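Me: I've just opened this one and would like to talk it through. Let's start with a helix.

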Amino acid sequence: MFGADRGTRRAAAGAADGTGRGAGRVGRGPATPAVTPARRTPHPKEPAVTDPLAPPALGAERVVCPDGPERPLLEAVSRALLRRGCEDLDRVPVLGRRGNLPGDLRGPALAYEDCAEAVPLAQVDRVDAAAVAGWVTGRYPAGPYPAVVLGSAHGSAAHLAAALGAPWLPTGFTVRVPWPGGSVGDWPAAMEWGAQLADLILAGNPGVTVRQVHDPAGRGPLCGATVTLHVRWQRLPAAYREFLHTGLRPGGTALTLRDTRTWPVLELTDRHSFQLGSPANGLRHEDQTVDNPSFRRLLESLGEDRWSTPHLDTPPRYAETAGEPELDSELRRFGADAARPVHRVLYPGPEVLSACVADLYREWLDSSGRDSDSCVVESGRLIDPWQVLTAGLVPYWCESAARPALDAAEWWLAGSRAFAAVTALPDPPGTICDAYAGAAQWRALTTFAGQHPHLSRTALSRYPTLPLPISHASEVLRLRHGRTGAPGRLPLDHAVSALRRSGSRLGLLVV
C-alpha cells in the first residue's frame with residue numbers, strides 16, 4: 001500500500017535528508033519527540049519533592065481531543081443522564097474559528113491553536129489510558145443503571161443510551177499531537193512521525209492499540225499541524241470493569257455497539273497501524289489520488305502541491321471507527337463471570353444504526369401515546385439527546401455532511417411514514433470538498449416534511465468551512481420544538497427486540 005516497510009522507510013528518509021539518522025528523523029520534524037525522564041516515586045513517609053523543571057500533570061481532559069468523535073457524545077450523554085441539555089457546550093471547533101481572517105493568515109492561526117490544544121510533545125509518554133477510562137466513568141453519577149452502552153462513536157448510540165437512562169462509554173479515544181514542520185500532502189512523513197509518538201504511548205499502555213489517521217478531507221489544513229492518533233482498548237480497562245460491576249443494577253445489561261466497516265490499513269506493528277483517509281468523509285481510499293480531479297481540487301484549496309499515491313492493493317482491516325474486536329470476547333467473559341447479560345450490536349455502516357434507532361424512537365413514542373410526527377436530522381457534533389427526548393423528536397444522525405450520509409437519510413425519510421416536521425442540522429465539515437453535500441441537498445432533505453420544514457440558517461451561513469459548537473443544536477431544537485415534558489425510560493428488552501427486528505433486513509446483527 002504505502003511502499004517500503006517501516007524500517008526501510010525510516011532509513012531511506014534519513015539518507016534522503018543527509019542526516020544519516022534513519023529511524024530517528026523524517027522530513028522536517030525534530031529527531032525524536034521530547035520525553036521527560038521517569039522520576040522515582042518517594043516512599044510514603046518521605047516528604048514530597050516537586051521538580052521545578054517537570055511539566056504540569058497531563059490530565060485526561062487534556063488527553064482526549066475535544067474535536068475527536070468521542071468527546072461530544074460523552075459530553076451529551078452525561079448531560080442527558082443529569083436531565084440537562086447541551087446549551088453550555090459552546091466551544092467552537094478549531095476549524096470553525098478565525099473565519100474573518102484571509103486564507104493566508106487563517107491557516108497559520110488555526111495551526112497554532114490546534115497545536116496549543118494538543119498533547120504537548122514533552123508529555124506524550126505521559127498519556128495514561130487507564131486514567132482516561134477513570135475520567136470517562138467519572139463523568140456519570142454512581143448509578144445504579146439498567147444498562148451500560150459501550151462501543152463505537154455514533155450519535156444514535158448516544159440517543160439510545162439517553163433513552164435507556166444508560167451511560168455511554170467509548171471503546172477508544174482520540175489524541176492529537178503537534179507535528180513540527182508538517183505538511184498536509186506529505187503523509188509518508190506524517191506516518192513516520194506518528195510511529196515515534198505511537199511508540200511512546202504504547203510503551204506505557206500495554207492494553208491498547210494506536211491507529212493513526214491522516215485525512216485531508218476531514219481535517220483540512222490541520223493535517224499539517226498535528227497528527228491524529230486513535231487509542232483503542234484491547235481489554236476492558238480497570239475503571240470500566242469496576243463501573244460495570246458497581247454501576248449496573250441487578251440484572252442490568254452491558255450493550256456493545258460496533259461499526260464493522262473496513263478500510264485499507266497498513267499494519268506497522270501488531271499494535272500500531274496507519275490509515276489514509278476515513279470512511280466517514282465520503283471519499284473512497286482509491287479516490288485519494290491527484291488523478292482524481294475532486295481530490296486534486298481539495299489539495300489545491302489547502303495550498304498543497306504534493307501527494308504520494310497510495311497503493312490500491314492493501315488488504316482491508318476494520319476502520320478506525322470500529323474499535324478493537326478483542327473487546328467483544330472481554331465483555332462476554334465479564335458477563336459470564338458477573339452473571340450479567342451482554343448483548344452485541346454489529347452494524348455494517350452508520351446509516352444502518354441511525355435508521356434502526358430512529359425507527360425505535362418512533363415506535364416508542366407511538367406506544368407511549370406521544371406525537372411522533374417531528375423528526376430531526378442531526379450531523380456530526382450537532383446533537384442534544386436530552387432536548388430530543390423532552391421535545392418528543394425522532395432523531396436520525398448523519399456521521400458527517402458527506403453525500404452518502406445524506407443520501408442514506410433521504411432514503412430513510414422516503415421509506416418512513418410521513419413526518420409533519422423535519423428539522424435539519426448540517427454540521428459544516430470545515431473543508432471544501434466535492435465529497436460533501438451542498439446546501440441544495442440539505443434543503444431537499446427538509447422537503448420530506450409535510451408542513452414544517454426547517455434548515456438552520458446559521459449553519460448554512462457557515463457551511464461548509466466553519467463548524468459550529470454543540471450548543472447550536474440545543475438552541476435550534478429549543479426554539480423550534482420546545483419541551484413537552486421529561487419522558488420515561490425506554491425498556492431495554494423492548495429496545496433489543498426492536499433493533500433485532502428492524503435491523504435484520506438492513507444487515508444489523510444483535511447477538
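Me: Which residues of helix 3 are buried?
Reply: The buried residues are E70, R71, P72, L73, L74, E75, A76, V77, S78, R79, A80 and L81. Buried means under 20% relative accessible area, exposed means over 50%, and partly exposed lies in between (1.4 Å probe, protein chains only). Since 12 of the 12 residues of helix 3 are buried, this helix is largely enclosed by the rest of the structure.

Me: What kind of model is this?
Reply: This is a predicted model, numbered from 1 along each chain as its sequence is written, where local features need pLDDT of at least 70 and side-chain atom pairs count only at pLDDT 80 or more, while totals for chains, interfaces and linings use all residues. Side-chain values use heavy atoms, with hydrogens and water left out.

Me: Thanks! And how far does helix 3 reach from its first C-alpha to its last?
Reply: Helix 3 (residues 70–81) has 12 residues and reaches 17 Å, close to the 16 Å expected at 1.5 Å a residue. The expected span is 1.5 Å times one less than the number of residues. Helices here are DSSP runs of H or I with at least four residues, strands are E runs of at least two, and both are numbered from the N terminus.

Me: What comes just after helix 3?
Reply: R83, which takes a positive phi of about 60° although it is not a glycine. R83 lies in the loop between helix 3 and helix 4 (103–117).

Me: Is R83 buried or exposed?
Reply: With a relative accessible area of 52%, R83 is exposed. Another non-glycine residue with a positive phi is A339, near 55°. A339 sits in the loop between helix 11 and strand 11 (342–347), and its relative accessible area of 69% makes A339 exposed as well.

Me: Zooming out, how many helices and strands are there in the protein?
Reply: There are 18 helices and 16 strands. Of the 511 residues, 59% are buried. Taking contacts with a separation of 6 or more, 77% are between residues 24 or more positions apart. Contact means heavy atoms within 4.5 Å.

Me: On to packing. At what angle do helix 6 and helix 12 cross?
Reply: The axes of helix 6 (residues 155–164) and helix 12 (residues 350–367) cross at roughly 30° and come within 9 Å. That makes helix 6 roughly parallel to helix 12. Axes are lines fitted to C-alpha atoms, for helices over the stretch in contact, with angles from 0 to 180 degrees between N-to-C directions. Under 35 degrees counts as roughly parallel, over 145 as roughly antiparallel, 65 to 115 as roughly perpendicular, and the rest as oblique.

Me: Which residues make the contact?
Reply: Helix 6 brings S156, A157, H159, L160 and A163, and helix 12 brings L353, S354, V357, L360, Y361 and W364. They divide into eight nonpolar, three polar and no charged. Here Ala, Val, Leu, Ile, Met, Phe, Trp, Tyr, Cys and Pro count as nonpolar, Asp, Glu, Lys and Arg as charged, and the others, Gly among them, as polar.

Me: How do helix 12 and helix 18 cross?
Reply: Helix 12 and helix 18 (residues 492–503) have axes that come within 9 Å and cross at roughly 125°. These two helices are therefore oblique to each other. C356, V357, L360 and E363 in helix 12 meet H494, A495, A498, L499, R501, S502 and G503 in helix 18. By class, that contact has six nonpolar, three polar and two charged residues.

Me: Last topic: what kind of peptide bond runs from G143 to P144?
Reply: That bond is cis, with omega near 10°. G143 is in the loop between helix 5 (129–137) and strand 1 (145–151), and P144 is placed in the loop between helix 5 and strand 1. At 42% relative accessibility, G143 counts as partly exposed.
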